[in-house]
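Hi everyone, thanks for making time for this. Have a look at the sequence and the model on the screen, and then I'll walk you through them.

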Amino acid sequence: MEAECPICGSPVELPDDVMAGELLECPSCGATLEVYEQDGTFLLREAEEIGEDWGE
Amino acid sequence: MPLGVDEVLLRLLEAYSPTGREDEAREVLVEVSRALGLNVRVDGVGNVLATKGGGGRVWLVGHYDTVPGRLPVRKIDGRIYGRGAVDAKGPLSSMLVAASLAEAPVTVAALVGEEGDSRGARHLLSGELPPYVVIGEPSNTTGVIVAYRGGAHLTLRCSAPGGHSSSPGRSAIDLLLESIMRMREVAPGNAYDEPSAAVTMIRGGEAPNVLPRRAEASIDLRIPPGHDLASILEKLERSLPDGCSLEVGWRVPPVSVRPGDPVPRALMRSIIPMGRKPRLVRKYGSSDMNLLHARVRSIAAYGPGDGRLAHTDGEFVDVRDLEFAVEVYKGAVEYLNRFLR
């Protein structure tokens with residue numbers, strides 16, 4: 001299963017058991033993307049940037 | 001009746017366990033793990049390994065030492081207070097309860113020395129490690145930690161000939177200050193992606209009227225993923241003026257994993273069905289994930305509690321977050337076991 005990166009347009013391979021809400025990284029441009037579902041199809045949109053946190 | 005996660009945490013917090021003084025907490029951990037129906041063994045350095053179903057190939061790895069500073073242990077209005085409530089007895093308590101409930105084999109490894117020289121994690125490296133590891137550190141309950149900075153503890157030493165302080169001459173303290181300014185150029189630390197060099201202790205001088213012969217500073221160097229520790233150390237050493245040198249103590253490499261790897265995915269897939277949105281997080285500090293990463297197939301860190309409270313006197317964790325984390329750890333263990341088939 002594949003979806004298109006909304007940032008660079010590259011194809012992104014989705015796992016067979018992908019779930020809406022999962023976050024992943026575009027292997028081409030490195031953007032953080034969120035999986036969402038529309039009409040039974042899994043698509044990708046830009047996600048919040050990776051957050052920074054203090055500590056450890 | 002099985003132990004609740006709040007009760008597990010309160011018992012662990014009552015056993016104050018700053019790094020190097022973990023004996024009492026170890027006994028409590030063994031008792032609590034057995035009460036939860038887990039098999040327990042203690043390894044040569046004091047790590048507690050609590051297993052179910054033979055231990056399996058998924059490990060939940062936490063730590064039961066804390067920074068020093070005893071705090072009163074209290075449960076008030078659904079919050080549990082005490083030293084280590086956030087870092088990291090809260091995550092560890094959720095892991096133990098999750099292991100007891102999981103319908104799959106699992107090991108909870110409760111390590112010693114994480115707040116010191118990572119003695120427990122280094123000992124694990126001498127044996128066999130499983131393919132999948134979840135590290136128990138606070139991530140604000142919905143965060144999945146995919147990166148930690150690496151770092152090193154440095155001792156900067158400067159020396160000078162000394163002399164009467166009313167006369168011209170070289171001072172070891174002046175050299176030390178100059179070294180620190182030069183190190184700041186190599187490691188400015190203005191953002192996550194820049195190496196940082198925090199001066200944490202400083203000593204120097206012999207008398208009010210003598211030019212200092214010796215001066216010394218402790219420096220906590222941190223480096224983000226994508227930087228090489230050895231080359232940063234080399235640049236720092238080259239930046240020093242004559243009369244100064246650096247000694248390197250504790251060190252760990254930075255770590256960064258892909259969100260689509262099995263363990264981060266397993267954690268996200270456990271958070272989503274509970275109606276919360278997972279977040280990806282990268283941490284300024286480091287954890288045992290930095291050391292274990294190179295030896296496993298996939299790893300990520302997750303846990304209840306606000307990481308900003310770690311090492312503060314205001315440490316507390318919400319019982320609802322502990323319970324939420326139990327479900328997340330349990331879901332991740334079960335998913336990864338299915339993944340292994």
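This is a predicted model: local features need pLDDT of at least 70, side-chain atom pairs count only at pLDDT 80 or more; totals for chains, interfaces and linings use all residues.

Let me begin with a definition: I call it a salt bridge when a side-chain nitrogen of Lys or Arg is within 4 Å of a carboxyl oxygen of Asp or Glu. With that cut-off, chain A and chain B have seven salt bridges between them.

Residues are numbered from 1 along each chain as its sequence is written, chains are lettered from A and ligands numbered from 1 in the order in which they are written, and side-chain values use heavy atoms, with hydrogens and water left out.

Back to the interface. Taking contact as heavy atoms within 4.5 Å, 19 residues of chain A touch 28 residues of chain B. The two chains bury about 2100 Å² between them, and 54% of that is on carbon and sulfur atoms. Buried area here is the accessible area, with a 1.4 Å probe, that two parts lose on being put together, summed over both.

What about polar contacts? These are pairs of N or O atoms within 3.5 Å; within protein, one must be able to donate a hydrogen and the other to accept it, and residues adjacent in sequence count only if both atoms are side-chain atoms. Between chain A and chain B, 12 residue pairs are in polar contact, both residues at pLDDT 80 or more.

Which strands of chain A supply at least two residues each to the side that touches chain B? They are strand 3 (23–25), strand 4 (32–38) and strand 6 (51–53). Strands and helices are DSSP runs numbered from the N terminus, with at least two residues (E) for a strand and at least four (H or I) for a helix. The residues on that side of chain A divide into eight nonpolar, four polar and seven charged.

Strand 6 of chain A deserves a moment. It pairs with strand 14 (residues 279–283) of chain B in the parallel sense, over three bridges; strands pair if DSSP finds at least two bridges between them. Within this pairing, A:Glu52 has B:Arg282 as its bridge partner. There is also a salt bridge from A:Asp53 to B:Lys283, with the closest N and O atoms 3.4 Å apart.

Over all chains, the search finds 26 salt bridges. A:Asp53 sits in strand 6 of chain A and B:Lys283 in strand 14 of chain B, so that pair joins two chains.

Let's turn to chain A by itself. It has zero helices and six strands, and its C-alpha trace spans about 40 × 20 × 15 Å along the principal axes. Strand 3 and strand 4 of chain A pair in the antiparallel sense over three bridges, with A:Glu25 opposite A:Thr32. Their hairpin has six residues between the strands, and A:Gly30 there takes a positive phi near 80 degrees.

Strand 4 of chain A also runs antiparallel to strand 5 (residues 41–46), joined by six bridges, and A:Glu34 has A:Arg45 as its bridge partner. In that hairpin, with two residues between the strands, A:Asp39 takes a positive phi near 50 degrees.

Finally, chain B, with nine helices and 16 strands. Two backbone spots to check: the peptide bond from B:Asp87 to B:Ala88 is cis, with omega near 0 degrees, and B:Thr141, which is not glycine, has a positive phi near 75 degrees. Thanks, everyone!

How values were computed. Ala, Val, Leu, Ile, Met, Phe, Trp, Tyr, Cys and Pro count as nonpolar, Asp, Glu, Lys and Arg as charged, and the others, Gly among them, as polar.
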